[in-house]
Amino acid sequence: AVVSTQSTGDFSEAGLTDEVGDLSSEQLGEVYHWINIFSKKYTFVGRLQGSFFDKTGSPTERWREVESSLRALGAQEGRKKELKRRFPGCNSHYNQATKSGEVWCTEKSGGVTRTWSGV
């Protein structure tokens, strides 16, 4: 199986593994992203027996652990989006010569439309 190779970029023999325990949450999210892309592009024909599915195609305990991690990742992403919505980014500029910086917000800074702007 080639689960972690997509995310780690290790296409060597050692990198061809279905072990996802050492992937970061971001890398696991990338794997999930690719699963979604492939499921939309290709017709589902079955599941591969191994770490995640048994010989009948039923999920294994390992798959349920991965699903739990993905749910936690989804909740974490939801919290990040909420924080970004509540505290959107602004603009900044640092002048190396004067060693001074400036931060300001416009009505559309950070990709969020505001009814205010300011320094």
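Biologist: Is lysine 99 buried or exposed?

Modeller: Lysine 99 is exposed, at a relative accessible area of 60%; buried means under 20%, exposed over 50% and partly exposed in between, with a 1.4 Å probe and protein chains only. This is a predicted model, in which local features need pLDDT of at least 70 and side-chain atom pairs count only at pLDDT 80 or more, while totals for chains, interfaces and linings use all residues. Residues are numbered from 1 along each chain as its sequence is written, and side-chain values use heavy atoms, with hydrogens and water left out.

Biologist: What is the phi of lysine 99, and where does lysine 99 lie?

Modeller: Most residues other than glycine have a negative phi. Here lysine 99 has a positive phi, near 50°. Its place is the loop between E1 and E2, in a hairpin with four residues between the strands. Helices (H or I, at least four residues) and strands (E, at least two) are DSSP runs numbered from the N terminus.

Biologist: How do strand E1 and strand E2 pair?

Modeller: E1, residues 91-95, and E2, residues 100-104, are antiparallel, with five bridges; pairing requires at least two DSSP bridges. Within this pair, histidine 93 is opposite glutamate 102 of E2.

Biologist: At what angle do the axes of H2 and H3 cross?

Modeller: Two packed helices are described by the angle and the distance between their axes. The axes of H2 and H3 cross at roughly 105° and come within 10 Å. Axes are lines fitted to C-alpha atoms over the stretch in contact, with angles from 0 to 180 degrees between N-to-C directions. H2 is therefore roughly perpendicular to H3 (65 to 115 degrees; under 35 is roughly parallel, over 145 roughly antiparallel, the rest oblique).

Biologist: Which residues of H2 and H3 meet?

Modeller: From H2 come Ser25, Glu26, Leu28, Gly29 and Tyr32, and from H3 Val66, Ser69, Leu70, Leu73, Gln76 and Lys80; contact means heavy atoms within 4.5 Å. Beyond its neighbours within four places in sequence, leucine 28 touches Val20, Leu23, Val66, Ser69 and Leu70.

Biologist: Which residues form the largest nonpolar core?

Modeller: A nonpolar core is a set of buried Ala, Val, Leu, Ile, Met, Phe, Trp, Tyr and Cys residues joined through side-chain atoms within 4.5 Å. The largest one has nine residues: Val20, Leu23, Leu28, Val31, Phe52, Phe53, Trp63, Val66 and Leu70. Helix H2 (25-41) and helix H3 (61-86) each give two or more residues to this core, and H3 gives the most, with three.

Biologist: How far in space is lysine 84 from leucine 70?

Modeller: The two are 21 Å apart, C-alpha to C-alpha, and 14 residues apart in sequence. Lysine 84 is in helix H3 and counts as exposed, at 52% relative accessibility.
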